[in-house]
Amino acid sequence: IRHLSTAMAQTPGLGPIAASITTKLQAALNPAALKLKNESHKHARHWVDDGSAASDAGETHFKLEVVSETFAAMPLLKRHQLVYGLVADELKAGLHALSLDLKTPQEQLKNSTKPAVQEK
């Protein structure tokens, strides 16, 4: 599969793979927070241009952080399986690696190491 939906590919500021991933995850997970970072440049030396849509777009490696209530009462493995299922087309289009950090809003609060901002 070399091409993804043109509607998704036209998302301002995002390449076709990132736009497709973002659109699908927002629709399916209704996330409180979603951060997708293209880290393909870090892997340029070991990942060759294979002619896939992801390779052509320079979007083969991503780090994904999602905070969603959808993950409540769901073991980590099931969360990963859910996300990988949602991005199956992107994987077929040449997405090579996806680092996942998937939390519920409660887990995000519990694990937050930043001090609370105090208003004056």
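Trainee: What is the order of the 3 strands in the open sheet?

Mentor: Happy to start there. This is a predicted model, where local features need pLDDT of at least 70, side-chain atom pairs count only at pLDDT 80 or more, and totals for chains, interfaces and linings use all residues. Residues are numbered from 1 along each chain as its sequence is written, and side-chain values use heavy atoms, with hydrogens and water left out. Strands (E, at least two residues) and helices (H or I, at least four) are DSSP runs numbered from the N terminus, and the pairing of the strands in this open sheet is mixed, in the order 1-2-3.

Trainee: Which are the edge strands?

Mentor: Two strands pair if DSSP finds at least two bridges between them. An edge strand here pairs on one side only, and that holds for strand 1 (33-38) and strand 3 (97-103).

Trainee: In which sense do strand 2 and strand 3 pair, and over how many bridges?

Mentor: One place to look is Val 67, which stands opposite Lys 103 in strand 3. Strand 2 and strand 3 pair in the parallel sense, over 7 bridges.

Trainee: What angle does the direction of helix 4 make with that of strand 3?

Mentor: Axes are lines fitted to C-alpha atoms, for helices over the stretch in contact, and angles run from 0 to 180 degrees between N-to-C directions. Helix 4 packs on the sheet, touching strand 2 and strand 3. Its direction and that of strand 3 make about 130 degrees.

Trainee: Is Ser 68 buried or exposed?

Mentor: Ser 68 sits in the loop between strand 2 (61-67) and helix 4 (76-86). Contact means heavy atoms within 4.5 Å, and beyond its neighbours within four places in sequence, Ser 68 is in contact with residues including Asn 30 and Lys 103. Buried means under 20% relative accessible area, exposed over 50%, and partly exposed in between (1.4 Å probe, protein chains only). Ser 68 has 1% relative accessibility, so it counts as buried.

Trainee: And Asn 30, is that buried or exposed?

Mentor: Asn 30 lies in the loop between helix 2 and strand 1. Its phi is near 45 degrees, a positive value in a residue other than glycine. Because its relative accessibility is 64%, Asn 30 counts as exposed.

Trainee: How far apart are the end C-alpha atoms of helix 2?

Mentor: The expected span of a helix is 1.5 Å times one less than its number of residues. Helix 2 (residues 16-29) has 14 residues, so it should span 20 Å. The end C-alpha atoms agree with that, being apart by 20 Å.
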